[in-house]
Amino acid sequence: RWTSRLTGQDFVVPAGCRLVNAHYLAPDIPAQTPAPFGAADGVRVIPVNDLVRLPEVPGQFVIVGSGKTATDAIVWLLDNGVDPDAVCWLRPRDPWMFNRAAVQPDPVINLGTTADILEAAREATSPDELFLNMEAAGVMLRVDPGVTPNMAKTPTLARWELDRLRSIENVVRLGHVRHVEPGRAVCEGGEAAIEPDALVVHCAASGLRYRPLVPVWGSEAITLQNVATGPIFGAAIAGYVEATREDDDEKNRLCPPHSSGNTPADWPRAIVEGARGSQALATEADVKQWSHATNLYRSRIPAERAGDPDVADAVARVEAVSGLGMAKLAELGGMQ
């Protein structure tokens, strides 16, 4: 049973109804998650969302975080007229990010990116070399070309956003922030000077959850997770499979969950697991047809593009490198 926070009304789960757990991988967000560091009296710490309602302009914006939220905050500040010299970026880790131009919903672009990744893997001898090869192919971006990133959650970033981020010169790499005081930030690896009246912007919530993989269809619940190309399509395909299949074992065969990447070392494993999930879906004609008809499936080829010679060329390019590329990704991901 559950109770509505809006009305106070009680609800009872009907007999034979199974819970759909869409919260298993729900992200933490700064607006609802306390900052993972302490703050002395007199230091202003706000979640990133509150940047839009500041009562006054601070002497400095101190951005805490390495991921997409932090990069979005900086781009927003700069696009709204904040001087780059007024921003201090406390960046515990350097991230690899997908070039947004390489992940567009066009089969030629998407298949071309897949081929680029497989070709980069084929020539790589380490996870770091894999990412450097993908960078050379235009698939991956990093903020500082002089630093090899150790974070690979791989959100998307446009090149014009990258230009904005590279204008920030006051970047602190001293690990995670432990405590902020007027005039200084205490980090794992030392202390950094900040302005006494700095505004500290919390962008350090965990956007991705790394929970144990469980069968999507369990005895008590349907637990939505990454299936094939990620959690959004995973939720959609789970709904289709639930509506068209009766046996839970068969449903789980079609929709094996997979982990998300966090570091360059484990990112290849997540890619291989996702590819194997896509292969499982392709074994069923109706599931394959449905998948290629929804925009949520990044690997889809729309029916009207099936005869496109550019699409055929892109498919052939992927097929030519698929075997060696996938084997090397598995090796780089520690799966062999």
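# A walk through the predicted fold

Let's start with Thr154, which sits in the loop between strand S9 (140-142) and strand S10 (156-157). Helices (H or I, at least four residues) and strands (E, at least two) are DSSP runs, numbered from the N terminus. Although Thr154 is not a glycine, its phi is positive, at about 50 degrees. With a relative accessibility of 13%, Thr154 counts as buried; here buried means under 20% relative accessible area, exposed over 50%, and partly exposed in between (1.4 Å probe, protein chains only).

A word on the basis of all this: the model is predicted, so local features need pLDDT of at least 70 and side-chain atom pairs count only at pLDDT 80 or more, while totals for chains, interfaces and linings use all residues. Residues are numbered from 1 along each chain as its sequence is written, and side-chain values use heavy atoms, with hydrogens and water left out.

Now for the overall picture. The protein chain has nine helices and 16 strands, and its C-alpha atoms fill a box of roughly 65 × 55 × 40 Å along the principal axes. Of its 336 residues, 44% count as buried. Contact means heavy atoms within 4.5 Å. Among contacts with a separation of 6 or more, 71% are between residues 24 or more positions apart.

Thr263 gives a local example. This residue lies in the loop between helix H6 (248-254) and H7, and it is partly exposed, with a relative accessible area of 23%. Leaving aside neighbours within four places in sequence, Thr263 touches Arg93, Asn150 and Ala152. The C-alpha atoms of Thr263 and Asn150 are separated by 5.8 Å, though the two residues are 113 apart along the chain.

Next, a helix pair. Two packed helices are described by the angle between their axes and the distance between the axes. Helix H2 (residues 107-122) and helix H3 (residues 127-136) pack at about 135 degrees, with their axes 8 Å apart. That makes H2 oblique to H3, since angles under 35 degrees count as roughly parallel, over 145 as roughly antiparallel, 65 to 115 as roughly perpendicular and the rest as oblique. The axes are lines fitted to C-alpha atoms, for helices over the stretch in contact, and angles run from 0 to 180 degrees between N-to-C directions. On the H2 side, Ile117, Ala120 and Ala121 meet Leu130, Asn133 and Met134 of H3. By class, this contact has five nonpolar residues, one polar and no charged ones; Ala, Val, Leu, Ile, Met, Phe, Trp, Tyr, Cys and Pro count as nonpolar, Asp, Glu, Lys and Arg as charged, and the others, Gly among them, as polar.

Finally, the aromatic rings. Rings of Phe, Tyr and Trp (its six-membered ring) pair if their centres lie within 6.5 Å; planes under 30 degrees apart count as stacked, over 60 as edge-to-face and the rest as tilted. By this rule there are seven aromatic pairs. Phe98 and Trp267 form a tilted one, 6.2 Å centre to centre with 55 degrees between the planes. Phe98 lies in strand S8 (residues 96-99) and Trp267 in helix H7 (residues 267-281), so the pair ties together parts that are 169 residues apart in sequence. Both Phe98 and Trp267 are buried.

Tyr240 and Trp290 are stacked instead, at 5.0 Å centre to centre and 20 degrees between the planes. Because Tyr240 belongs to helix H5 (residues 231-244) and Trp290 to helix H8 (residues 285-291), this pair ties together parts 50 residues apart in sequence. Tyr240 counts as buried at 18% relative accessibility, whereas Trp290, at 27%, counts as partly exposed.
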